[in-house]
Amino acid sequence: MGLESKTKACGDVIVCSKQSPFLLLWINAYLDDYRIEAWAYNSGQVPFNLARRFPHLIHMDKDRINRPNFNELGKIWGPEKFAWKNNYAIHLWYGIWKRYSKYYRRVEPNEKNINTWNGTFGEIARSILYNAENIAEVH
């Protein structure tokens, strides 16, 4: 599981068996203490607290699952580059990008315009669609 911050996990990507003791503890915490009004409490704070209490049941990764995080949208959608190939997964924060980010220009990504997006998202999209990361490689 990835860390969202120094004091919170992020439940966006979890790699485990369905019988994982950690997963069972976490699911039971939803049943016992569900707080819908507290953003990321059950998906972030609870697993972080469980991981501190039971560190032998989970690996918390600070760099390769939840990075860049929602505070680093410039590394996904903006001009900053991010070495994404070393990640296990990347949360694109698409909804936050569209609603709150200064990098959203009211243009949705599609198969044509990603050819000109000069940033991490453009590289990822071109890698998936065309097996080519660089703008010059697509055509």
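Mentor: Lys and Arg count as positive here, and Asp and Glu as negative, with His and the chain ends left out. Keep in mind that this is a predicted model.

Trainee: With that in hand, how many positive and negative side chains does the chain have, and how far apart do the centres of the two sets lie?

Mentor: There are 19 positive and 14 negative side chains, and 3 Å separates the centres of the two sets.

Trainee: What makes up the secondary structure of the chain?

Mentor: Four helices and two strands. The pattern along the sequence is β-β-α-α-α-α, and the C-alpha trace spans about 55 × 30 × 25 Å along its principal axes.

Trainee: Now to Asp12. Where is Asp12 found?

Mentor: Asp12 sits in the loop between strand S2 (8-10) and helix H1 (21-32).

Trainee: Why is Asp12 called partly exposed?

Mentor: Its relative accessibility is 26%. Buried means under 20% and exposed means over 50%, with partly exposed in between. The value for Asp12 falls in between, so Asp12 counts as partly exposed.

Trainee: And which residues does Asp12 touch, leaving aside those up to four places away in sequence?

Mentor: Ile65, Asn66 and His91. Contact means heavy atoms within 4.5 Å, so each of these three has heavy atoms within that distance of Asp12. Ile65 lies 53 residues from Asp12 along the chain, yet their C-alpha atoms are separated by 8.7 Å.

Trainee: What share of the contacts in the chain with a separation of 6 or more comes from residues 24 or more positions apart?

Mentor: That share is 49%. As for burial, 42% of the 139 residues in the chain are buried.

How values were computed. Residues numbered from 1 in each chain as written. Predicted model: local features only at pLDDT ≥ 70, side-chain atom pairs only at ≥ 80, totals over all residues. Heavy atoms only, no water. Buried < 20%, exposed > 50% of the residue type's maximum accessible area, 1.4 Å probe, protein only. Charge placed at Lys NZ, Arg CZ, Asp CG, Glu CD.
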